[in-house]
Amino acid sequence: MLGEGDSKTAGLMAKHLHTIHKKVVGDVIDTARPGLGGYDASGPRDAMWAALTEMHPMLRVYEAFAFRSTGCPTPARTGSSW
């Protein structure tokens, strides 16, 4: 089923993503503000920034479509049984 997986597959995917992202580094994020430091896609600060910038638009789209004049989606409205 989509969305379900095992720990081994999740671990392999995490390792793969870390391998790719550890190559994404830079000395300066913003030349106008060198105090910000460098960029390291594997670092906790920059990984959190990436996660938040990806999740924010997804949340906005969800809110725009899920709550459009019908209120919060419920099992009765969706025909599902949570």
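**Whole chain**

Accessible areas come from the Shrake-Rupley method with a 1.4 Å probe, and for residues only the protein chains shown count as cover. The model is predicted: local features need pLDDT of at least 70 and side-chain atom pairs count only at pLDDT 80 or more, while totals for chains, interfaces and linings use all residues. Residues are numbered from 1 along each chain as its sequence is written, and side-chain values use heavy atoms, with hydrogens and water left out.

Switch to a cartoon. The protein chain has three helices and two strands, in the order α-β-β-α-α from the N terminus. Helices (H or I, at least four residues) and strands (E, at least two) are DSSP runs, numbered from the N terminus. Of the 82 residues in the protein chain, 6% are buried. Buried means under 20% relative accessible area, exposed over 50%, and partly exposed in between (1.4 Å probe, protein chains only). Contact means heavy atoms within 4.5 Å; among contacts in the protein chain between residues at least 6 apart in sequence, 3% join residues at least 24 apart.

Select helix 1. This helix has 15 residues and spans 21 Å from its first C-alpha to its last, close to the 21 Å expected at 1.5 Å a residue; the expected span is 1.5 Å times one less than the number of residues. At the start of helix 1, a side-chain oxygen of D6 comes to within 3.0 Å of the backbone nitrogen of K8.

Next pick V24, in the loop between helix 1 (7–21) and strand 1 (25–26). V24 is partly exposed because its relative accessible area is 38%. Setting aside residues up to four places away in sequence, V24 touches Y39, D40 and A41.

Move to D46, in helix 2 (residues 44–66). Is D46 buried or exposed? With a relative accessible area of 8%, D46 is buried. Apart from its neighbours within four places in sequence, D46 is in contact with I29, G38, Y39, D40 and A41.

R45 forms a salt bridge with D46, and the closest N and O atoms are 3.2 Å apart. A salt bridge is a side-chain nitrogen of Lys or Arg within 4 Å of a carboxyl oxygen of Asp or Glu. Side chains of opposite charge can pair when their charged atoms come close. A search of the whole structure finds one salt bridge. R45 is partly exposed, since its relative accessible area is 45%.

**A nonpolar patch**

Finally, select L59, Y62 and F67, which form a nonpolar surface patch with about 290 Å² of accessible area together. Patches are made of residues with over 30% relative accessible area and no salt bridge; like charges are joined within 9 Å, and nonpolar side chains (Val, Leu, Ile, Met, Phe, Trp, Tyr) within 5 Å. L59 is in helix 2 and is partly exposed, at 44% relative accessible area.

Definitions and conventions. Polar contact = N/O pair within 3.5 Å; in protein donor to acceptor, adjacent residues only side chain to side chain.
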